[in-house]
Amino acid sequence: MTESPAQPRHVVLRKRLSNAPAQLRTALTRLPHWWPLPACVLLGTASGLSYGLLATPQYEATSYAMAVAEEETDPSAALGYAQSYGRLVTSDATLSYAQGAAGEPMRALRSQVRSETSPDSPMIAVTGTSDKPGRAADIANAVIEAVIVSSGHVSKDTGVKLIKFTHAMKPDQPISPSVPLGTAVGAAAGGLLGGLVLLVRPRRAGWSVSAQVPGPTAAEDHSTTDERELVR
């Protein structure tokens, strides 16, 4: 459709905008049916690359403590107390005592500290997380010291005390994914998403599996019928 030069600009722009959805649908129908797959792969690759470049690296450091039973206490009790003290690592009492040495407020420590215990050994692992490697080690050591001090206050009643097993060291490498790893993960996720889109999207009109597989011709059908009659 030709546009008259005398028409106002807003009228021409309105006509172009009204025709845009139809033009977009026409352009999409001309694309191959598998176009969502490379598009999702490119989108996932770009997202993974952006995350690897822009995300702040995170570091982890871990310190360990061991529960030890005293002379008159059953050694098996140390395992149970290790489980109990492991649950107290993220308590308010422990974090409030450790916040001074850790250099972080108690609210921040809740998301920067986690503990792990083993069902087979009386060992407690305290892991500190931070965007600075030295701060991650300080957090782990401060919290494990707070747990050891708390256990010492009741060691006469429980017959079990905690001792520091290893000191948290400054980590050398971050735990956050690197740029190549983040890009690869993003590309894999995009490929998976694109494959799912191809599986669930509606097929184009006129396309079917039966249309792709040719049926027997009339001559073949006639010859097959004659062979059956001869066999009889």
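What share of the 232 residues in the protein chain is buried?

1. Buried residues make up 26% of the 232 in the chain, where buried means under 20% relative accessible area, exposed over 50% and partly exposed in between (1.4 Å probe, protein chains only). The model is predicted, so local features need pLDDT of at least 70 and side-chain atom pairs count only at pLDDT 80 or more, while totals for chains, interfaces and linings use all residues. Residues are numbered from 1 along each chain as its sequence is written, and side-chain values use heavy atoms, with hydrogens and water left out.

2. The protein chain holds ten helices and four strands, taken as DSSP runs numbered from the N terminus (helices H or I, at least four residues; strands E, at least two). From the N terminus on, the order is α-α-β-α-α-α-β-β-α-α-β-α-α-α. Of the contacts (heavy atoms within 4.5 Å) between residues at least 6 apart in sequence, 75% join residues at least 24 apart. The accessible surface comes to about 15700 Å², and carbon and sulfur atoms account for 60% of that surface; areas come from the Shrake-Rupley method with a 1.4 Å probe, and for residues only the protein chains shown count as cover.

3. Helix 2 covers residues 36-54, which is 19 residues, and reaches 26 Å from its first C-alpha to its last, close to the 27 Å expected. The expected span is 1.5 Å times one less than the number of residues. Pro36, Cys40, Gly44, Gly48 and Gly52 are buried in this helix. Seen down the axis, the buried residues of helix 2 fall within an arc of 125°, so they line one face; the arc is that of the directions from the helix axis to the C-beta atoms. Leu42, Leu43, Leu53 and Leu54 are exposed on the other side of helix 2.

4. Trp34 sits in the loop between helix 1 (9-30) and helix 2. Its relative accessible area is 47%, so Trp34 counts as partly exposed. The C-alpha atoms of Trp34 and Gly194 are separated by 8.8 Å, although these residues are 160 apart along the chain.

5. The largest nonpolar core has 22 residues, and those with the most contacts inside it are Val89, Val113, Ile124, Val126, Val143 and Leu162. Such a core is a set of buried Ala, Val, Leu, Ile, Met, Phe, Trp, Tyr and Cys residues joined through side-chain atoms within 4.5 Å. Elements giving two or more residues to this core include strand 1 (59-69), strand 3 (123-130) and helix 6 (133-153). Helix 6 gives the most, with seven residues. Leaving aside neighbours within four places in sequence, Val113 is in contact with Val89, Thr90, Val126, Thr127, Ile139 and Val143. Apart from this core lies another, of six residues, among them Tyr59, Ala61, Ala136 and Ala137.

6. There are five salt bridges in the structure, each a side-chain nitrogen of Lys or Arg within 4 Å of a carboxyl oxygen of Asp or Glu. Arg114 and Glu60 meet in one of them at 2.8 Å, N to O. This pair links strand 2 (residues 113-117) with strand 1, its members being 54 residues apart. Glu116 also forms a salt bridge with Arg114, the closest N and O atoms being 3.6 Å apart. Shared partners join Glu60, Arg114 and Glu116 into one network.

7. Glu104 and Arg135 form a salt bridge at 2.8 Å, N to O. Glu104 lies in the loop between helix 4 and helix 5 (106-112), and Arg135, 31 residues away, in helix 6. Glu104 is buried, at 17% relative accessible area, whereas Arg135 is partly exposed at 28%.
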